[in-house]
Amino acid sequence: MEIPMKKDTCPKCFCRVTARQEALQCDTCGLWLHRTCGSDISQASYREITWQIKFGIPFEWVCRSCMESVDAPMTESTRIDDADVTATGGAK
Ligand SMILES: [Zn+2]
Ligand SMILES: [Zn+2]
């Protein structure tokens, strides 16, 4: 069996990621993952990220499999996320 792994197909649910859905693109492998498919990004954080991008501030997000293979150092954007997660009492 062969699963077509297109870049706009979420690796978790194998559904296509459309522009209307909340999704994040991995900075390392370029795959799109739905926010709700284990991105560890709360909805509040996601909204902040989309605003950030609208204002031309680049946001780097790396999917879990890339994060595990590359021991990525903490970036400035990660610190912003941490503050937001605390405020919403959300995910780890
Ligand atoms: Zn998904
Ligand atoms: Zn990745």
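## Overall fold

Among contacts in the protein chain between residues at least 6 apart in sequence, 47% join residues at least 24 apart. Keep in mind that this is a predicted model. Of the 92 residues in the protein chain, 14% count as buried.

The mean pLDDT of the protein chain is 82, with 68% of its residues at 70 or more.

## The nonpolar core

Ten residues make up the largest nonpolar core: Val17, Ala23, Leu24, Cys26, Leu31, Trp32, Leu33, Ile41, Trp61 and Cys63. Both strand 1 (23-25) and strand 2 (32-34) put at least two residues into this core. As a rule, nonpolar side chains in soluble globular proteins tend to be buried together.

Ile41 is one of the core residues. Skip its neighbours within four places in sequence, and Ile41 is in contact with Leu24, Arg35 and Tyr46.

## A look at Cys26

Cys26 sits in the loop between strand 1 and strand 2. Cys26 counts as buried because it has 20 C-beta neighbours inside 10 Å, and 20 or more is what that label takes.

Not counting residues up to four places away in sequence, Cys26 touches Leu31, Leu33, Trp61, Val62, Cys63 and Cys66. Then there's Met67: it is 41 residues from Cys26 along the chain, yet the two C-alpha atoms are separated by 9.8 Å.

## Helix 1 and what follows

Helix 1 runs over residues 43-54, twelve residues in total, and reaches 17 Å from its first C-alpha to its last. That's close to the 16 Å expected at 1.5 Å a residue. After helix 1 comes Gly56, with a positive phi near 85 degrees.

Most residues other than glycine have a negative phi. Phe14 is not a glycine, but its phi is positive, about 60 degrees. You'll find Phe14 in the segment before strand 1. Phe14 is exposed, because it has 11 other C-beta atoms within 10 Å and the label applies at 12 or fewer.

Asp40 isn't a glycine either, and has a positive phi of about 65 degrees. Its place is in the loop between strand 2 and helix 1. With 16 C-beta neighbours inside 10 Å, Asp40 counts as partly exposed.

How values were computed
Residues are numbered from 1 along each chain as its sequence is written. Chains are lettered from A and ligands numbered from 1 in the order in which they are written. This is a predicted model: local features need pLDDT of at least 70, side-chain atom pairs count only at pLDDT 80 or more; totals for chains, interfaces and linings use all residues. Helices (H or I, at least four residues) and strands (E, at least two) are DSSP runs, numbered from the N terminus. The expected span of a helix is 1.5 Å times one less than its number of residues. A nonpolar core is a set of buried Ala, Val, Leu, Ile, Met, Phe, Trp, Tyr and Cys residues joined through C-beta atoms within 7 Å. Two residues are in contact if their C-beta atoms, placed from the backbone, lie within 7 Å. pLDDT is the predictor's confidence in each residue, from 0 to 100.
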